[in-house]
Amino acid sequence: MLNQVSFVIVQALVSLKRNIWLTIASILTVMTALILLGGSVFFLANTSNLATSFESQIEIAVFINDNQNREQVIDLRNQIQVMAGVDTVELTAKEDAIIEFQESMGSSSLLEDLGGINPFPDKITVKATDARLVEGIANQIAEINGVDKVRYGQGILEKLIQFTDWLRWIGIAVVAAFAFASFLLITLNIKTNVNSRENEIQIMRLVGASNGLIKWPFFIEGLLLGFIGGIISIGIVGIGYNWLLQYIITTLAFLPVVADQMFMISVFALMLIGGMIMGVLASVFAVRKFLK
Amino acid sequence: MISIKNVSKIYSNGARALSNINLEISKSEFVFLVGPSGAGKSTLIKLMYREEEATRGQVFIDTINLSRLNPKQVPLLRRRTGVIFQDFKLLPTKTVFENVAFAQQVIGKSKQEIKVNTLNILELVGLSRKKDSFPSELSGGEQQRVCVARALVNKPQILLADEPTGNLDIDNAWGIMELLDKINREGTTVVMATHAMHIVEKMAKRVVKVEEGRITDHKLGEAY
Ligand SMILES: Nc1ncnc2c1ncn2[C@@H]1O[C@H](COP(=O)(O)OP(=O)(O)O)[C@@H](O)[C@H]1O
Ligand SMILES: [Mg+2]
């Protein structure tokens, strides 16, 4: 048993070494496949982040009737707060609104100039948990007693949602296409590898090797190819992505980017584990053909 | 030792290779299978190491019914039967020593045991000096000797040979035949398919003639 385990490992390593060009080609293939995969996941994360960031800028401005007293306004705010789909609610009292406006105008005597009459209504700013809920929430709020007007960028909203949907779909399509491409690349490559060793498999069967023993060296090879290709591709994608982040942060600062460490680590883990799983699975399927 | 009972073989594409074959081969016998190309000789040999299964009838090695063998047991059968072919089937990236050692590694022998067995068997086939050569550096006769060594190193009771001299010139062919004869005299049962009639006649062993998947003639060797 121990003899066989060491045989299997040595066998895998020796054949990787003896077929060094095939090994290098395989590693390059796995690497390319995983770079496509990892790169596309980062692309998806950023498009979807961009979409969310666009959507999060949408808010509903609720203007309150002048005849509502403070207590009623606070009651209104609480009422909106508990509505389904409402994320945050912020009340700007008319006194604060005019001070804000005064400051933005650089004037300190605006209220006096207006003859002591504050033209600003009380305002409640509402953010929804999802841009798709904004219209419904806005309509509901408009029905509430004491609400004067509701504004949420009617007309632009639909276009924006269309655009962000489209962004997300592109991200998903790119990931799906590249995941498929990388699976294909790795599978074809390992299939060629295994086929080129049909002779060896045949001889092993002939001299009485068990199927397990025949399969194991190929599993280990697939695992190793996936691992090495994974490590290299993580290095390349990691450096490339960080470089891109730096570039965007310094030159296109307005563009939101995903720079979350945990997220990056999970993408790298996905690449490594994905590479190894694909390597092993491809080996299993390729070898199975030769085992009766 | 080998017992073939009412065996027919039809390949999955419909080709009828063997029809109702009956054949008994005893321990330590040397049997030639002769007949024209396409007669079914290779198929008959493949049934004996369970590369193919009989469509009808039964093949026994000792008391083992090969059609009752489950896939897990096939490797165990293979360890009791050595096989050699016309086209050698050596691993080109391994040396002579490694090719022979390979057959023992895959069944889990220890390093020490493998070394001793391999050197002994290479001595027997007369290739001790070439143990570190690669197959491409050997003559056809020498390559076939490596195959014989590989087939015998796990001490099988049966050696199956499918046209082992087919790719060899006359001198090398006789060298292999002398080797097979020596092995046979030491107790190994040998079944050899060939259409080299000059070899068959000179060896004076039992001969089974196969034509169109049937046994059409049967001569006993001088020992009988
Ligand atoms: N794997 C196979 N699939 C289908 N037909 C086969 C296969 N192997 C052999 N045959 C057919 O079976 C018959 C016997 O072939 P074979 O046993 O190789 O004869 P021989 O070794 O005497 O030349 C031939 O007609 C051949 O075409
Ligand atoms: Mg044949």
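Predicted model: local features only at pLDDT ≥ 70, side-chain atom pairs only at ≥ 80, totals over all residues.

Reply: Happy to. Helix 3 of chain B, residues 96–105, packs against helix 5 of chain B, residues 140–152, at an angle of about 25°, and their axes are 8 Å apart. Because angles under 35 degrees count as roughly parallel, helix 3 of chain B and helix 5 of chain B are roughly parallel to each other. Their crossing is right-handed.

If you want to find the contact on screen, look on helix 3 of chain B for B:Val96, B:Asn99, B:Val100 and B:Ala103, which meet B:Val146, B:Ala149 and B:Arg150 of helix 5 of chain B. Sorted by class, that contact has five nonpolar residues, one polar and one charged.

A second pair, this time in chain A, can be described in the same terms. Helix 7 of chain A (residues 156–195) and helix 10 of chain A (residues 261–288) have axes that come within 9 Å and cross at roughly 45°. That angle makes helix 7 of chain A oblique to helix 10 of chain A. The crossing of these two helices is right-handed. Helix 7 of chain A brings A:Ser182, A:Phe183, A:Ile186, A:Thr187, A:Ile190, A:Lys191 and A:Val194 to the contact, while helix 10 of chain A brings A:Met278, A:Gly279, A:Ala282, A:Ser283, A:Ala286 and A:Val287. By class, eight residues of this contact are nonpolar, four are polar and one is charged.

Back in chain B, there is also a ligand to look at. The residues surrounding ligand 1 include B:Tyr11, B:Asn13, B:Ala15 and B:Ala17, along with B:Pro36, B:Ser37, B:Gly38, B:Ala39, B:Gly40, B:Lys41, B:Ser42 and B:Thr43. A polar backbone atom of B:Lys41 is 2.9 Å from an oxygen atom of ligand 1, and a polar backbone atom of B:Ala39 is 3.2 Å from an oxygen atom of the ligand. With B:Ser42 the side chain is involved: one of its polar side-chain atoms lies 2.6 Å from an oxygen atom of ligand 1.

Note on methods: Residues numbered from 1 in each chain as written. Chains lettered and ligands numbered in written order. Heavy atoms only, no water. Axes fitted to C-alpha atoms, helices over the stretch in contact; angles between N-to-C directions. Helix = DSSP H or I, 4+ residues; strand = E, 2+ residues; numbered from the N terminus. Parallel < 35°, antiparallel > 145°, perpendicular 65-115°, else oblique. Left-handed = near helix turned anticlockwise from the far one by under 90°. Contact = heavy atoms within 4.5 Å. Nonpolar A, V, L, I, M, F, W, Y, C, P; charged D, E, K, R; others polar. Near = heavy atom within 4 Å. Polar contact = N/O pair within 3.5 Å; in protein donor to acceptor, adjacent residues only side chain to side chain.
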